[in-house]
Amino acid sequence: MRKSQTGAPGTQNPSRTGRTRKLPTHIQEDVDRVADVVAAGFRSLTWHQIAEELYQYAFRTLNAAMRRTDQLMELVAKSNTPLELSDEDRSTLHRNSEDRAVIALMTINVAMEEFPKVLAKGGYNPADNPGKDGKFKALKSFFVTRCGLVFPRIFDNWKKERTDRFLRHTKVHMEGWRLAHALGQYNLEQAPPDVIALCDTVTAMIDDLKPRNRAVWHLKIEGYTPGEIADVLGIKLTDVNNALYTFRSKVKMLRQRGQLAVPTSLEVEWARRRELDARMAGAR
């Protein structure tokens, strides 16, 4: 192992204050490994091994932090970009392992691109920069700190890309006739005015939803199954079902309060369909 500028493993390291601080063996090993890869211009096998270790450690750590808002906020506290999380963002990060994995990898990739420059400039200097409670920071922890600096920017970009994907499926304002058609009113010229009025009202409610839920309902009305909607939007099936259930529950509540009236003709048609479905199920 190449002897670093801070001394051989286990020796003391001069600090800017003139005092010397003895590093724990595992921290000194990190210091010496960094000195080796910097000297080799980050073209050695050691650098590839270090990078692999950092990826694995950071991936686990970021995934765990994204499930806990307090941990995530602590991680990004020193970033120049503020991290703003909505309730939906918190829910997504907590429940959706696929999204967490994508965000973690995007963050690590950006942090890793910048990391050689940071190390070459002497950014990793545990002797002069003890961590929390005066404990020396291992290289893995130092890299995770760097990930925390870029995470808010990566998360904002990811949210914009995801929202753009949802909006692509809701570019056109959905007219009430689409919902009427989905409800079985195929001849709109003969559809009762109260049915058309209801469809216009519900359609306006759908267009007021957040982009993801609005996209779910646009596709649902177009005849997509929940599984197909999940594939098209790149979200989990549970997210699709939650969007469908939440809006249906809202409509049901409005009906119970008398704030949303369903025409008798539709009630009759729905009853007829339920009876027909029951007969078909019994005949199987």
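A: His94 has a relative accessibility of 38% and therefore counts as partly exposed, a class that lies between buried, under 20% relative accessible area, and exposed, over 50%, with a 1.4 Å probe and protein chains only. The model is predicted, so that local features need pLDDT of at least 70 and side-chain atom pairs count only at pLDDT 80 or more, whereas totals for chains, interfaces and linings use all residues. Residues are numbered from 1 along each chain as its sequence is written, and side-chain values use heavy atoms, with hydrogens and water left out.

His94 belongs to helix 4, residues 87–95; helices here are DSSP runs of H or I with at least four residues, strands are runs of E with at least two, and both are numbered from the N terminus. When neighbours within four places in sequence are left aside, His94 is in contact with Met66, Arg67 and Arg100, contact meaning heavy atoms within 4.5 Å. Ala65 is 29 residues from His94 along the chain, and 9.3 Å separates their C-alpha atoms.

The chain around this spot holds 12 helices and two strands, and from the N terminus on the order is β-β-α-α-α-α-α-α-α-α-α-α-α-α. Of the 284 residues, 39% are buried. Among contacts between residues at least 6 apart in sequence, 68% join residues at least 24 apart.

Phe42 lies in the loop between helix 1 (25–39) and helix 2 (45–66). Phe42 is buried because its relative accessible area is 17%. Most residues other than glycine have a negative phi, whereas Phe42 has a positive phi near 60 degrees.

Rings of Phe, Tyr and Trp (its six-membered ring) pair if their centres lie within 6.5 Å, and planes under 30 degrees apart count as stacked, over 60 as edge-to-face and the rest as tilted. By this rule there are seven aromatic pairs. One of them joins Phe115 and Phe142, whose ring centres are 5.8 Å apart and whose planes stand at 40 degrees, so this pair is tilted. Phe115 is in helix 5 (residues 97–120) and Phe142 in helix 6 (residues 139–168), 27 residues apart, which links distant parts of the chain. Phe115 also forms an edge-to-face pair with Phe143, at 4.9 Å centre to centre and 70 degrees between the planes. Because Phe115 lies in helix 5 and Phe143 in helix 6, that pair ties together parts 28 residues apart in sequence. Phe115 is buried at a relative accessible area of 0%, and Phe143 counts as buried at 0% relative accessibility. Phe115, Tyr124, Phe142 and Phe143 form one aromatic cluster.

Among the residues making the contact are Val216 and Trp217 of helix 9 and Leu244 and Phe247 of helix 11.
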